Amino acid sequence: MNRKNTLLWVVLMLLMLFNFWLAEISQTTARWTLSVILIVTVIKFLGIAFQYMELKDAHRRWKIIFIVFVLSFAVAAGLV
Amino acid sequence: MEQAKSFLYPPGGILIWIIVLMEVLTFGIALIVFRVNFHQDYDTFLNSQNMLSKNIGLFNTVVLITSGYFMATVIVKIKQSRIKGAIKWMFFTIGTGLLFLFVKGWEYSIKIAEGHSFGYDDFFDFYWMLTSFHFIHVLVGVVILSVLLFKLRKGDYGASNFLDIETGGVFWHMCDLIWILLFPVLYLLH
């Protein structure tokens with residue numbers, strides 16, 4: 001479990017740097033850039049919720065609630 | 001019956017998960033409203049967004065995610081009955097939490113010195129409301145973890161009795177989740 005936590009930390013760091021780099025190189029509002037940044041945000045959100053907050057051990061309704069929330073957020077933020 | 005029971009008893013307890021859900025919903029809705037306003041007054045918002053220090057935001061993201069990793073390690077250690085290890089990692093968690101608050105406070109002082117305080121424009125109104133509300137959550141989290149650390153050192157928790165630590169950990173990770181949403185929307189997306 002500890003190894004999984006460490007691996008997730010490394011993945012989160014890489015994803016965060018990727019998002020930062022992507023935002024830096026794209027000075028215009030490219031739709032694909034926005035989509036990629038939001039998809040990476042969703043992955044980071046779910047990674048923390050499932051592994052660090054142990055949502056993976058919760059009832060599936062809790063998992064569905066959080067997945068639906070973060071996907072709805074990303075879609076809404078992307079469509080605006 | 002078993003499924004119903006586990007729905008009522010998620011890790012850390014149902015109350016903290018209801019709080020987490022309410023908090024992420026509130027911040028999520030606020031950030032969507034921010035995005036709507038961004039596109040209604042694009043030039044002003046973009047200009048103000050460019051005044052933010054992305055590097056400070058990035059640094060604080062590293063600090064907070066690392067703090068979440070430390071907190072997850074506390075839970076691992078306590079489940080293994082390694083209380084000294086749990087105490088050590090709890091110190092690290094609180095330390096990184098304090099570092100986040102210090103860096104955020106420093107960023108605030110820079111913004112105030114530049115005249116970009118609350119009321120400067122709509123962008124900075126959102127910036128101050130959202131980040132200061134999050135700041136308060138982190139501050140409350142540090143206080144909660146400090147109390148838990150005190151009780152942990154007293155020997156109040158062990159491998160079969162760590163619900164409070166787990167609940168405090170879920171609250172702490174909630175601060176991560178909120179920041180994970182705040183950082184890209186406030187600092188990166190335009």
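Guide: Contact here means heavy atoms within 4.5 Å. Helices are DSSP runs of H or I with at least four residues, numbered from the N terminus. This is a predicted model, where local features need pLDDT of at least 70, side-chain atom pairs count only at pLDDT 80 or more, and totals for chains, interfaces and linings use all residues. Residues are numbered from 1 along each chain as its sequence is written.

Visitor: Which residues of H1(A) meet H2(A)?
Guide: Those in H1(A) include A:Leu8, A:Leu12 and A:Leu15, and the residues they meet in H2(A) include A:Val36, A:Val40 and A:Ile43. By class, this contact of H1(A) with H2(A) has 15 nonpolar, 6 polar and 2 charged residues.

Visitor: What makes H1(A) roughly antiparallel to H2(A)?
Guide: The axes of H1 (residues 2–25) and H2 (residues 31–52) of chain A come within 10 Å and cross at roughly 160°. Angles between N-to-C directions run from 0 to 180 degrees, and those over 145 count as roughly antiparallel, so H1(A) is roughly antiparallel to H2(A).

Visitor: Why is the pair A:Glu54 and B:Lys79 called a salt bridge?
Guide: The term requires a side-chain nitrogen of Lys or Arg within 4 Å of a carboxyl oxygen of Asp or Glu. The side chains of A:Glu54 and B:Lys79 meet at 2.6 Å, N to O, so the pair is a salt bridge. The count between chain B and chain A is 1 salt bridge.

Visitor: How many residues of chain B are in contact with chain A?
Guide: 48 residues of chain B are in contact with 42 residues of chain A.

Notes:
Chains are lettered from A and ligands numbered from 1 in the order in which they are written. Side-chain values use heavy atoms; hydrogens and water are left out. Helices (H or I, at least four residues) and strands (E, at least two) are DSSP runs, numbered from the N terminus. Angles under 35 degrees count as roughly parallel, over 145 as roughly antiparallel, 65 to 115 as roughly perpendicular and the rest as oblique. Ala, Val, Leu, Ile, Met, Phe, Trp, Tyr, Cys and Pro count as nonpolar, Asp, Glu, Lys and Arg as charged, and the others, Gly among them, as polar.
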